[in-house]
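Please look over the model shown here and work through the questions below it.

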Amino acid sequence: RFCKSCIEKSIRDTGQRCPVDNEMLSEDQLFPDNFAKREILSLTIRCPNADCAEKMELRHLENHLAQCQFTTVPCPQCLQAVRKSCLEEHKTVECQRRLVSCPDCVTHFFFDEKELHEQQCLFASVKCQYCELDLIRDHVESHCDTDCPKAPIACNFSIFGCKERMQRHDLAQHMQEFTQMHMRYMAEYLRSLSLNGTTPKPLRILGPSISTEDPGPAALVSACGGVRPATSCSINSAACQPTEDIQRLREMDGRLVKQDHQLRELIILKETQAGQLAELRRRVS
Ligand SMILES: [Zn+2]
Ligand SMILES: [Zn+2]
Ligand SMILES: [Zn+2]
Ligand SMILES: [Zn+2]
Ligand SMILES: [Zn+2]
Ligand SMILES: [Zn+2]
């Protein structure tokens with residue numbers, strides 16, 4: 001007895017003779033050993049499926065596998081081995097690659113991309129981190145930029161050097177409490193413009209170098225310190241130069257005291273100040 005592949009190889013490699021007794025032996029003299037086959041098929045084996053306790057003769061294995069509840073097939077979606085009996089359920093409720101759709105928008109995606117989508121979906125509902133209002137993600141940014149009463153914002157006078165930050169609903173109160181400071185920032189800002197030509201720059205960028213460059217206006221700045229209104233300072237201080245500047249600051253201060261409209265006027269003023277300064281310099285020279 002030989003196994004088929006072994007004896008065929010032997011005949012091919014070493015000639016047409018039996019490897020045991022060297023007698024002549026050709027391939028057409030070989031025949032299948034049906035007795036051995038019957039013997040083997042009668043061996044009792046265990047079902048090869050993990051978890052299946054079934055034992056049977058080898059000849060019955062094929063039939064058993066066809067109906068064994070532990071037989072697995074690859075899921076067509078995720079290729080994972082799934083029990084045949086569970087495949088439908090797996091494909092619809094378990095499979096990581098099943099198609100699902102977002103409840104907030106109409107997008108479809110694979111289940112394993114769900115978390116990523118939920119973090120990005122523009123229609124997902126989220127809470128504003130400042131005021132806890134329920135919003136869709138797409139609206140959060142504009143809410144925080146324009147509406148949210150609790151979002152942190154810079155003072156309207158930040159371009160003139162006010163460094164205060166506050167929640168939006170505290171801005172009105174800040175504007176009221178910091179009127180004096182804001183007027184000083186304004187005055188310094190305009191003065192720095194007069195000193196530095198027509199390029200408007202926020203005071204905080206120019207920094208304290210102004211005072212070292214020109215002691216005259218710097219003296220005015222320190223004279224303006226404290227609680228005295230800038231108005232009286234502008235009028236009384238002998239250090240204020242040139243007179244056109246004083247005039248402009250005085251007018252400005254008068255308006256600033258009225259609070260509410262001051263900012264709008266200020267912005268208009270800022271837009272036109274390049275022209276005004278050019279005019280000013282012409283008059284001075
Ligand atoms: Zn063999
Ligand atoms: Zn089985
Ligand atoms: Zn699957
Ligand atoms: Zn979505
Ligand atoms: Zn908010
Ligand atoms: Zn301020």
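This is a predicted model: local features need pLDDT of at least 70, side-chain atom pairs count only at pLDDT 80 or more; totals for chains, interfaces and linings use all residues.

Q: Which protein atoms are the donors of the zinc ion (ligand 6)?
A: The donors follow the spacing C-x6-C-x11-H-x7-H along the chain. They lie 2.0 to 2.2 Å from the zinc ion (ligand 6). They are Cys155 (SG), Cys162 (SG), His174 (NE2) and His182 (NE2).

Q: What is the geometry of the site of the zinc ion (ligand 6)?
A: Four donors count as tetrahedral if all angles lie between 85 and 135 degrees. The angles among the 4 donor atoms of the zinc ion (ligand 6) are 100 to 118 degrees. The site is therefore tetrahedral.

Q: How many residues apart in sequence are the parts that cysteine 155 and histidine 182 tie together?
A: Both cysteine 155 and histidine 182 are buried. Cysteine 155 lies in the loop between β9 (152-154) and β10 (165-167), while histidine 182 lies in helix α8 (residues 179-196). The pair therefore ties together parts whose separation in sequence is 27 residues.

Q: Is leucine 79 buried or exposed?
A: Leucine 79 is placed in the loop between β3 (72-74) and β4 (81-83). Although not a glycine, leucine 79 has a positive phi of about 70 degrees. Exposed means over 50% relative accessible area. With a relative accessible area of 66%, leucine 79 is exposed.

Q: What is the phi of glutamate 132 near?
A: Most residues other than glycine have a negative phi. Glutamate 132 is in the loop between β7 (125-127) and β8 (134-136), and counts as exposed at 56% relative accessibility. Glutamate 132 is a residue other than glycine with a positive phi, near 65 degrees.

Note on methods. Residues are numbered from 1 along each chain as its sequence is written. Chains are lettered from A and ligands numbered from 1 in the order in which they are written. Side-chain values use heavy atoms; hydrogens and water are left out. Donors are N, O and S atoms within 2.8 Å of the metal (3.2 Å for Na, K and Ca); water is not among the atoms, so sites may look incomplete. Four donors count as tetrahedral if all angles lie between 85 and 135 degrees; four count as square planar and six as octahedral if opposite donors are over 155 degrees apart and all others between 65 and 115; anything else is irregular. Helices (H or I, at least four residues) and strands (E, at least two) are DSSP runs, numbered from the N terminus. Buried means under 20% relative accessible area, exposed over 50%, partly exposed in between (1.4 Å probe, protein chains only).
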